[in-house]
Amino acid sequence: MTRPRITIDGNEAVASVAHRVNEVVAIYPITPSSNMGEWADEWSAKGRKNIWGTIPTVTEMQSEAGAAGAVHGALQAGALTTTFTASQGLLLMIPNMFKIAGELTSFAMHVSARAVATHALSIFGDHSDVMACRQTGFAMLASGSVQEAHDFACIAHAATLQARVPFLHFFDGFRTSHEVAKIEQLTDDDLRRMMDEQLIAAHRQRALNPEHPVLRGTAQNPDAFFQAREACNGFYAAAPAIVQETMNKFAALVGRQYHLFDYVGHPQAERVIVVMGSGADVTHELVDWMVARGERVGLLKVRLYRPFSVAHLIAALPATTKRIAVLDRTKEPGAVGEPLYLDVVTALREAEIEGISSFQQMPTVIGGRYGLSSKEYTPAMARAVYDELAGAKPKSHFTVGILDDVTHLSLPVDPEFDIEPDDVVRAVFFGLGADGTVGANKNSIKIIAEETDNYGNGYFVYDSKKSGAVTVSHLRFGPRPLRSSYLVRKANFVACHQYVFLDRYDVLEYAQPGAVFLLNSPFGPDQAFAELPCEVQQQIIEKKLKFYVIDAYQVAKETGMGTRINTIMQTCFFAISGVLPRDEAIAQIKKAIKKTYGKRGEAVVQQNFAAVDGTLANLHEVKVPATAGVPAAVAAVAGNPHAATPGDAATARTRPPIVSPEAPDFVQRVTALMLANKGDLLPVSAFPVDGTWPTGTAQWEKRNIALEIPVWDSSICIQCNKCALVCPHAAIRAKVYDPKALAGAPATFKSMDFKGTEFKGMKYTIQVAPEDCTGCTLCAMVCPAKDKSNPKHKSLDMQPQRPLREAEAANYRFFLDLADPDRAKVRPDVKGVQFFQPLFEYSGACAACGETPYVKLVTQLFGDRLLIANATGCSSIYGGNLPTAPYTVNRDGRGPAWSNSLFEDNAEFGFGMRLAIDKQAEQAREMLVAMAGVIGEQLVDGLLKADQSSEAGIAAQRERVAALKAKLVALHTPEAAWLHKLADYLVRKSVWVVGGDGWAYDIGYGGLDHVIAMGRDVNILVLDTEVYSNTGGQQSKATPIGASAKFAMAGKAIPKKDLGLIAMAYGSVYVAHVAFGAKDAQTVKALLEADSYHGPSLVIAYSHCIAHGYDLAYGLDQQKLAVDTGYWPLYRFDPRRLDAGENPLMLDSAAPKAEVAKYMANETRFRVVQQQDPDRYRLLLGLEQREVTARFSLYEQLTKLSVPNPKSGTERPADK
Amino acid sequence: MDLSTSYLGLRLFNPFMPGASPMADHMDWVKRLEDAGAAAIVLRSLFEEQITREREGMIHHMEITADSFAEAVSYFPRPDDFAFGPDQYLNQVRKLKEAVNLPVIASLNGTTPEGWLEYARQIQEAGADALELNVYFLATNPAESGVVIEKRILEVTRLVKQNVTIPVAVKLSPFLSSLSHFAQQLDLIGADGLVLFNRFYQPDIDVEALEVTPVLHLSDSMELGLRLRWLAILSGHVRASLAVSGGVHTSADVIKSVMAGAHVVQLVSALIAQGPRHIRTLVQELTEWMEKHEYASLEQMQASMSLQRCPDPAAFERANYMKVLQSLKV
């Protein structure tokens, strides 16, 4: 039978099986497993049936705990059920996993294994999550490649039916889940043959059914529990053989034979590595290479990790084995060794005792850790392990792949060791997220792997930023199946799709001698070489690279492609890489274009065709001179009469430093290396031991990603400061200052007289941070100051960054050094608060992000006394994803203290912070009272009765605290020392709990509800994008009617949860609904009120987002429309008003002025629905309009309710 | 009374049809128009920009964010089928054909011979009885001569004619330097009808926000004069049938239009203002007027006041201009 050869990633390969052999799928998004659920949902939404002819039901739950509960229930009620998850999500499933296993339920789940958060969160792959499930009673099956993941998904589902032991099938997150590879796809017929119908019937028969009822989930006591727990033993004993039988059946059907433990290598091997997951294939590649060179080495791939079969392990190892290294992709601090190591050691020992061991001598076993958080694992590292095994006294415990200069556990690795065969084409592409490089490369792999006999795979590395993100694509093509699950190190093709990357990254480090180098260059073939940094010139010459340039942006512009250069660069790759004959390749690209865009119209297809043709005409080889950095020589060789003169040789450009020499030592030593993509080289000693990092480091990362930046025309500025308010990156700022400070200002520094009374006689400046601006244009869009003679010109216009960069950078440095105005003198309104220093700056959030302006505003208002508990999500990524930190400090060294605990517990996390602060403040107050005699009554009285409701009040209290500390230091008593440590808590702290709607409405809702019910002074900021933004657009309970999202592809039909109304129901919670783009004054007011309210506050903030699908330059207009249509009413609910006998609810927006359709028509999330199914959209639109009207009407009516007389029963006792 | 007329080779039982507008988007409106006595239905225009930009926009907004960040390789679900504006439009043509017994005239708005032309063919396949080609174009580029613009319109018309077998009408703007000549050129390449004239969105200025705000005012009978003149001038000079669009509100407007040479009258503003039933009123009033004035059929009246046949042709020409000016009393 011929099976289709398809090119897909590991997640799709697994989902493809799971969707076809299940009836119920309950899921929750978590990286890197989200795509499996998304595929399943998408296929069900499109009506794809399983092998029994019915469309599986796919349901998104509120958390993984919820998904596990739903799975448990579905299984109990007899459905063939699955789920997908990873990392924290898997941990949340553990309680149900114990039960599912304890009830011997036929079930298989699929896990793209990912690191569990410890000292830091990591979205990348290792086995720490699955290893935390060893005790649940699940069988654990490990696959190591895309093909294996596909095959083992089938084997797991088939085997569990017979074994009754549930299966956790796992594969390496990202490395396998996101690797694109050519595989043979199992047909429906294959799956039908593997899934035994009688066993399925038995599964259903065991289900809860009132036709033949049973009782499950009993409570058992000391008399029964233990024996009953042991009653399942037989099933675990039988499971390994069942899995092997299933593997044999699979082999007979499909031809690929797997074993519980697959041994490869020399039949008389003496040194053996035991490993599971993608590391097995990497080691396999090396073993083949070493055995071919006569070395007696072998590899044992662990497939079935639980139940662990000692007999099968022993049988698989050669009797000649003398030394074994067991590699674990996890860390168990404090354990004797990592889990697989312990299992192997124990197994060998038991085998010896049982007499089933056939070793000539008992092997020595050592254990090592590798590949945590997708750290590279390469043949060179495997080689280092074999070398260690060959040593006189191998390290019992080691690490490989890092440099451990603290505990010296790491093995030395030869960085030059490389065994990739010459007939494998290796290509590396540097691209920008938005330029389509990754998509084009995925497409290229498809073309080559599916249209030729070649095998191909691709892996994609993204950086930590959302805006201006760098992507590095690693592609391989070859005549044999590829086992190289590691990054390309020596490429014969290197492409740099963004010219600026040459200044930031060592792009040509990847080029092997003689490789082809393709550069998207604004400079033509005659000038291109001379313009390169001399380091790059040197590499081109030394490695004898063939150098090509194309001005892809020019071609894109000319062919109407805008800024998408994907098709153009892909065409270049095919034209000069030689991986396919040129004409054939071009024909294939056009075929792919037709396939991708055909449905979307001939015009789009023709436009892409034009881009392909335009590319070939504009692709040029550059003549490379014999020496670098001598422009005269360049001129001679290139024959360019306009090239530089010999005098320019001295000015030959070198790559600029990664960070300024003024940066602090830590930034120079650690951050800079990480920024340069060389973090792998940092030794253990470079790192904090407990995950504690300095803040204020984003300022050293000058990313220069804006093509255009705002330029200020002071002559028409009205000093509204709205530009500074809306800037998501704190890259445009306002300041008032003493005119005398202008002495020594750079020549191009602009300033004007301050308009208004509060700072009369002072100067005013709006200044852009040119190198930190993302060019999103929000500031220019919001600017209301138009030139009366030429309204096209505003006080802020966007202009090309490059010519302005240097002068504006100097201006910005000067601006930052100007003293900030006294906070106590600033009026805390929209305009005034922009004179407060933002303590959140230059984050990696998307350009024009709709969340960060709120976060920034919170730091401006409360930053110097602010603690932030941040839920996992976009805000924790742009807030805390290394290498740099956007949270920073003011001149006094004060600033937000920030932490991310988990996704699900953020409200509780912040609540805990509040408890700690309150307790310590209380203790300080108690001690003040007790020590009033020695401290002084007046000071104590001042400290205790301080009014800290204003900036002036807080400043005064800080002075009192300083005075107190001075006194305490002089006292030299233990009490004084104790109080000294607590004294800072006498200054009021503001605790903000920040997160997205996924957290607040779904996974964290239970905790949020509890925390607002507890009456403590925590402020909750919900950055509501109405969708799971960070994980890629899955619906949340904040998703509105009519929006298409993942898991609601056809458009959501249930209204958005009214979180604000629920909170208002308590009557004791301050609630605000805000949208800074619609009414910034209300936003500022709400944040101030939330902070001032000494109880729980909930601020729900409209946040425009790329997941809404429109040009976010219009984000503010869209916010206005949201408010004007009643889609997003603005209100504040202040319980304090009750005390004054007033209605607590104040509507801050007027009755809807336009239909909500007008708002919805602008966003892709709604238009997708309209374009899929216009009739459904009409219905949903009607529903949403009704919902919007009803909600506004309800609020209006609430504002009219009479409130009880304030004099009766309004005293609330203090919290106890 | 015989109100029947011929337009684009279609035999219509009266000359009334709703002009290109969103009226045909809603089935209930269409039904009411049919009940009120409309003889044909014209759909709103499918814009060239709608075809190309919508596609590009959709692709752009979904793709620009894809494959940028490790956690999210995409932000939107991937439906197999997008019913873009054009697809919905084609569906609407099909639905209308099913729902009413009247000729359905689709309308395409484009000015460049691009890929959107395939929609002319698809519109025919969807069952449209005729196509109105709206060559709405505002010449703002000083580098582009009138000749170039006229050539392009002719080329677009020629291409559309090549792509379809159903009759094609061209909806013209009055801003052409030699309309008579141009109309003959269109006639030569086979335009089956001319619609006089397009109405443009008018720019307005928001003096507070210093912004330009495009507005579309409903027409009134004042606008009819321009059309009457050109109907009268073109009538008899072109083979193509003539439709009047813009300014027909009363039965008097209808009578004048038909006398000037119109084969049909297209109504938009009047129907939006007064509802579909207005057609019934017009039919009634027209019939009464014709009975009173002893006309036997509409065709008897058609083009009776055209330039060729009217008693005072100069009134349609320059002399008229001078006379009107001179009659002004200051």
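In this predicted model, does Glu38(A) count as buried or exposed?

Modeller: Buried. Glu38(A) has a relative accessibility of 6%. Buried here means under 20% relative accessible area, exposed means over 50%, and partly exposed lies in between (1.4 Å probe, protein chains only).

First, the ground rules. Residues are numbered from 1 along each chain as its sequence is written, while chains are lettered from A and ligands numbered from 1 in the order in which they are written. The model is predicted, so local features need pLDDT of at least 70, side-chain atom pairs count only at pLDDT 80 or more, and totals for chains, interfaces and linings use all residues; side-chain values use heavy atoms, with hydrogens and water left out.

Now the partner. Glu38(A) forms a salt bridge with Lys1046(A), and their closest N and O atoms are 3.2 Å apart. Glu38(A) sits in helix α2 of chain A and Lys1046(A) in the loop between β32 and α38, so the pair ties together parts that are 1008 residues apart in sequence. Lys1046(A) is buried as well, at 4% relative accessibility. A salt bridge is a side-chain nitrogen of Lys or Arg within 4 Å of a carboxyl oxygen of Asp or Glu. Side chains of opposite charge can pair when their charged atoms come close. Helices (H or I, at least four residues) and strands (E, at least two) are DSSP runs, numbered from the N terminus.

Look around helix α2 next. It spans residues 34-45 of chain A, and Pro32(A) lies in the loop between β2 (24-27) and this helix. The peptide bond from Thr31(A) to Pro32(A) is cis, with omega near 0 degrees. Another salt bridge joins Lys46(A) and Glu42(A), at 2.8 Å from N to O. Its two ends differ in cover. Glu42(A) is buried, with a relative accessible area of 6%, whereas Lys46(A) is partly exposed at 30%.

Compare a further pair in chain A. Glu332(A) and Arg134(A) form a salt bridge, with 2.4 Å between the closest N and O atoms. Glu332(A) lies in the loop between β14 (323-328) and α13 (339-354), and Arg134(A) in the loop between α5 (128-131) and β7 (139-142), so this pair ties together parts that are 198 residues apart in sequence. Glu332(A) is partly exposed, at 23%. Arg134(A) is partly exposed too, at 25%. Over all chains, the search finds 83 salt bridges. Some join up: Arg865(A), Arg914(A), Asp918(A), Arg988(A), Arg1016(A), Asp1017(A) and Asp1091(A) are linked in a network of salt bridges.

Helix α37 of chain A covers residues 1005-1012, and its Gly1007(A), Leu1008(A), Val1011(A) and Ile1012(A) are buried. They cover an arc of only 125 degrees around the axis, which puts them on the same side of α37(A). The arc is that of the directions from the helix axis to the C-beta atoms. These buried residues pack against α31 (906-930), α36 (997-1003), β32 (1019-1024) and α38 (1059-1064) of chain A. So β32 and α38, the elements on either side of the Lys1046(A) loop, are both among the packing partners of α37(A). Contact means heavy atoms within 4.5 Å.

A few backbone points elsewhere. Arg306(A) and Pro307(A) are joined by a cis peptide bond, with omega about -10 degrees. Pro307(A) is in the loop between β13 (304-306) and α12 (310-316) of chain A. Thr777(A) has a positive phi, near 75 degrees, in a residue other than glycine. Its loop runs between β27 (763-768) and α26 (778-782) of chain A.

Last, confidence. pLDDT is the predictor's confidence in each residue, from 0 to 100. Chain A has a mean pLDDT of 94, and 97% of its residues reach 70 or more. One stretch of chain A needs care: pLDDT stays under 50 over residues 631-651. Chain B has a mean of 87, with 90% of its residues at 70 or more. The model scores ipTM 0.86 and pTM 0.92.
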